Amino acid sequence: MTEPSTALVPVPTPLLEVRALLMRFGGLLAVDGVAFDVRANEVFSIIGPNGAGKTTVFNCIGGFYKPSGGQILLAGENITGLPSHRVARKGLVRTFQGVRLFKNLTVLENLLVAQHMQVKNGLLSGLLITRAYRRAEQAAIEHAKQWLDFMGLREYANREAGNLAYGHQRRLEIARCMITRPRLLMLDEPAAGLNPQEKRDLALMIDRIRREYNIAVLLIEHDMRLVMDISDRILVMEHGRPITVDRPEAVQSDERVIKAYLGEE
Amino acid sequence: MLAQLPRALIAAVFAFVILAPIFGLKLVRQGMHSALQPHWNIVLWGCAAVFVVQLLHPWLARLFARVRLPSVPALDEEHHLWAWAAVVLLAVVWPFFGGRSAVDIATLALIYVMLGLGLNIVVGFAGLLDLGFVGFYAVGAYTYGLLYYWAGWSFWECLPLAGAMAALFGFLLGFPVLRLRGDYLAIVTLGFGEIIRLLLTNLTDWTGGPDGISGIPSPTLFGLEMTRRASSPEGQTFHEFFDMPFNPDHMVIYLYLLALALALVTLLVSNRLLRMPIGRAWEALREDEIACRSLGLNPTRIKLSAFTLGAMFAGFGGAFFAARQGLVNPESFTFIESALILSVVVLGGMGSQVGVILAAVALTVLPEVVREFAEYRMLAFGFVMVLMMVWRPQGLLPMKRPQVDL
Ligand SMILES: Nc1ncnc2c1ncn2[C@@H]1O[C@H](COP(=O)(O)OP(=O)(O)OP(=O)(O)O)[C@@H](O)[C@H]1O
Ligand SMILES: [Mg+2]
């Protein structure tokens, strides 16, 4: 009773909190009671066999699906069921399992479109090319340049995004997210289709982004080395259900996890 | 070629099924009785034509593939500007030397240029299939007509309001509708265009019903009327002010120049829009709506902006149309009109402004030039459309988006 309790120190609200998430497609429970939280500045990974429901969790968090049940809180604020563009504006952006760039726009323009929300410009100021408009447009281009440099894509700035090499497309997609100045970056299998060198670069890049921009990263990935390397904590899913949430070392030696990956036999 | 035989036969049979009731039997009155008069010749010829074309289809396709339409010579930025300046200068100067009817036709062409460029924002830039564009055109025309009739407003007072009203209608319609995908949107907008027309026809007390409103005055030039006599004792006319003999050509030229100015404004604005963030957002939205949403772009709002802007230009066009005709009635705003404007956009090359201008001019001027073939106008029109879709589905001059370069 008289113990000076550390429990009284308020636990900081996690950046993202997912409670008892449920997603039903007809008779299929694609996500069944998934719960986890992502703390500020953390790299949190979701792993699991194909069809485990990882992407579906992303879609629910991002507002692309309306969850059948459960809650999603962003910094304590309930964002369950919010339309996806509103979720994105709250600082929660994602990449897609299959790259979704604007293929006919140039690399630079992909980054400009992503800043659409930041560049507050009325139609009229754009039509009349006012000073404020030009300044905002220039600032958007400068900001885009920064990210092109960060990703090593400067020389491709004027190329159509669809013509980029696959690895470059992946990087551009991440840049396009980052240019919206998110709080939480969600990456769906960013290493898929990359060669070993590119995977190492990706790991470094994720770590650098997280440190320099002070954001949290929510990651879905099948490449175990990458996941174990950069994750602070990992959620393992199977058949829509969460198996465990733990540190990488603990997950690696968890029997349930090994079973899920190797099968029951 | 033998492989094509079954296909050709089936096509010929279908042609027969379609042609027979339309052309095959004609109802003629013979005194008291009606009689069916067969015209099998024309049907058989039609079927034969379909059969042959289908039989030669692969070969024709190869032939067409080899034909190349000239592409526009690439001009650099500076030459581009000069070229435009020259075209505009020519467009301003020629009516003073051209014949009156030629100038009149050119004015009509410019109205379609304007409407085409307006619809191009919706269809070409934002990729929204709008089949009820003429509804907004009607809103613009009736805004002027009604305000003149009930409140005596002048053209220049009504012009901005006509644009605003049409934009408001576009906004109010677009808001619930733009969540729909392609085909649904097309159907709803089609219905909207018809509703507007039916309203105008049936609200007889307000709109004059099928007869519409007549006696709508032409635009004035800085308060000077372009008529023989001023409409009110204190009014002044153009020819009195400049102490010239009255010449009805002045009015025709003035209307032409006004239409030119309106078309140019539409061109400049839509050209600007394409280079603005909103223009990029339209393109992005056309490519991948989900990616747009994932970046915080609100698809409904972005589509709505295109829809509203397009409607606004239709409204301006409508007000001008009312002023030029001197009367408005629902007849002018049928679905065919929407279809014509849409084909201007599609033929020109969706999104391509130069293409739309050329197509608008071609579609209005050509039928006037070959008046003798007026009966075949729709036939030729359909033929050209089919050919274009086979041969050059991207339109006369496919769109080339301006890029931001680093
Ligand atoms: N829109 C949908 N409609 C119906 N079923 C869906 C839908 N989206 C996903 N599913 C189903 O939900 C289950 C989970 O799919 P999900 O894409 O989330 O798996 P995943 O863990 O991302 O797999 P992978 O590693 O292959 O990407 C699958 O059985 C899938 O078929
Ligand atoms: Mg997946």
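Helices (H or I, at least four residues) and strands (E, at least two) are DSSP runs numbered from the N terminus.

Before going on, I wrote down that this is a predicted model, in which local features need pLDDT of at least 70 and side-chain atom pairs count only at pLDDT 80 or more, while totals for chains, interfaces and linings use all residues. Residues are numbered from 1 along each chain as its sequence is written, chains are lettered from A and ligands numbered from 1 in the order in which they are written, and side-chain values use heavy atoms, with hydrogens and water left out.

**Around the sheet**

I looked up the pairing of strand 4 (residues 69-74) with strand 5 of chain A, and found it antiparallel over two bridges. Leu74(A) stands opposite Glu77(A), which belongs to strand 5 of chain A.

Which residues coordinate the magnesium ion (ligand 2)? I found Thr55(A) through OG1 and Gln97(A) through OE1, at 1.8 to 2.2 Å. Thr55(A) lies in helix 1 (residues 54-61) of chain A and Gln97(A) in the loop between strand 6 (92-94) and helix 3 (107-114) of chain A, so the pair ties together parts 42 residues apart in sequence. Donors are N, O and S atoms within 2.8 Å of the metal (3.2 Å for Na, K and Ca), and because water is not among the atoms, sites may look incomplete.

Thr55(A) is partly exposed at a relative accessible area of 23%, and Gln97(A) is partly exposed at 36%; buried means under 20%, exposed over 50% and partly exposed in between (1.4 Å probe, protein chains only).

I then turned to ligand 1, which 14 residues surround, the closest being Lys54(A), Thr55(A), Thr56(A), Gln97(A) and His222(A). A polar side-chain atom of Thr55(A) lies 2.6 Å from an oxygen atom of ligand 1, and one of Lys54(A) lies 2.8 Å from an oxygen atom of ligand 1.

**Helix 3 of chain A**

Is helix 3 of chain A mostly covered or uncovered? I found it mostly covered, with eight of its eight residues buried, among them Val107(A), Glu109(A) and Ala114(A). These buried residues pack against helix 5 (131-151) and helix 6 (166-178) of chain A, together with helix 12 (277-287) of chain B.

**Two residues of chain B**

Thr207(B) is found in helix 9 (residues 204-207) of chain B and counts as buried at 4% relative accessibility. A polar atom of its side chain lies 2.6 Å from the backbone oxygen of Leu200(B), and the side chain of Thr207(B) reaches the backbone nitrogen of Gly209(B) at 3.3 Å.

Last, I checked Gln4(B), which sits in the segment before helix 1 (5-24) of chain B and counts as buried at 16% relative accessibility.

Methods:
Two strands pair if DSSP finds at least two bridges between them. Contact means heavy atoms within 4.5 Å. A residue is near a molecule or strand if one of its heavy atoms lies within 4 Å of it. A polar contact is a pair of N or O atoms within 3.5 Å; within protein, one must be able to donate a hydrogen and the other to accept it, and residues adjacent in sequence count only if both atoms are side-chain atoms.
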